[in-house]
Amino acid sequence: MVALVSQDNNVVALVSRTGRELQRYRKGRRQVVGCIPYRYKIVDQTSLEGPEDLEVLVITSQKGKGMLFPKGGWELDESKKEAALRETIEEAGVRGTVEGKLGKWSFKSKTHDTFYEGYMFPLLVQEQLEFWPEQNFRQRIWMSVSDAREVCQHWWMKEALERLVNRLMARKLGRVRQIVGSIHCIGDANSDL
């Protein structure tokens, strides 16, 4: 599938990469990368009251009936973040800011009798494409964190989701502490005000 996408006033053809010629392996383990695309349901993107204000994008599996976050092979000609963004565009049709790594997991392939190493990144979605390379093979669905925990078929992706939620909540808490720390008392110690 080829999708034409506008990028900086140019039209770019997006094609899903296939094959394993450029695939990275480490100690015999295939290296895969992915993203948890997320957005805030509320208008103010600096405010996160709780996980209910957060939506994540899950996609249908190409080989099965399950749901997961976009992921795929990390190739020799790209960084981890570049590969994660590429896979997210190909599989989910969204672009945005890839943030710091959530972690690294070792897991057994469901289709091959081998172990993989997977790296997951948060992706704050800035654009949802109308056309994308795998739109005929996958569905994408925005849902709450609690719903994503229920439908995601991979334990390691659920763990990455928990790390994302904890990171975002810690960021919010840090902003609240910063605001509270900058408030000064007016009056003197003997004042009732």
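Me: Is Trp105 buried or exposed?
Reply: Trp105 counts as buried, with a relative accessibility of 3%. Buried means under 20% relative accessible area, exposed means over 50%, and partly exposed is in between, using a 1.4 Å probe and protein chains only. Keep in mind that this is a predicted model, where local features need pLDDT of at least 70 and side-chain atom pairs count only at pLDDT 80 or more, while totals for chains, interfaces and linings use all residues. Residues are numbered from 1 along each chain as its sequence is written, and side-chain values use heavy atoms, leaving out hydrogens and water.

Me: OK, and what about Trp156, buried or exposed?
Reply: Trp156 is buried, at 1% relative accessibility.

Me: How many aromatic pairs does the structure hold?
Reply: There are five aromatic pairs in the structure. Rings of Phe, Tyr and Trp (its six-membered ring) pair if their centres lie within 6.5 Å; planes under 30 degrees apart count as stacked, over 60 as edge-to-face and the rest as tilted. In one of them, the planes of Tyr38 and Tyr40 are at 85° and the ring centres 5.9 Å apart, so this pair is edge-to-face. Tyr38 is buried at 1%, and Tyr40 is buried at 12%.

Me: Why is the pair of Trp105 and Trp156 tilted?
Reply: Their planes are at 45°, so the pair is tilted, with ring centres 6.2 Å apart. Trp105 is in strand β9 (residues 103-108) and Trp156 in helix α3 (residues 155-181), so this pair links distant parts of the chain, 51 residues apart. Helices (H or I, at least four residues) and strands (E, at least two) are DSSP runs, numbered from the N terminus.

Me: Which residues do ring pairs link into a cluster?
Reply: Trp105, Phe107, Tyr116 and Trp156.

Me: New topic! What sits over the ring of Trp142?
Reply: The charged end of Arg39 does, 3.9 Å from the ring centre. A charge sits over a ring if NZ of Lys or CZ of Arg is within 6 Å of the ring centre and within 35 degrees of the ring normal. Lys80 also lies over a ring face, that of Tyr119, at 4.3 Å from the centre.

Me: Where is confidence lowest?
Reply: In strand β1 (residues 2-7), with a mean pLDDT of 50, while strand β8 (residues 94-98) is highest at 98. The pLDDT is the predictor's confidence in each residue, from 0 to 100. For the protein, the mean is 83, and 74% of residues reach 70 or more.
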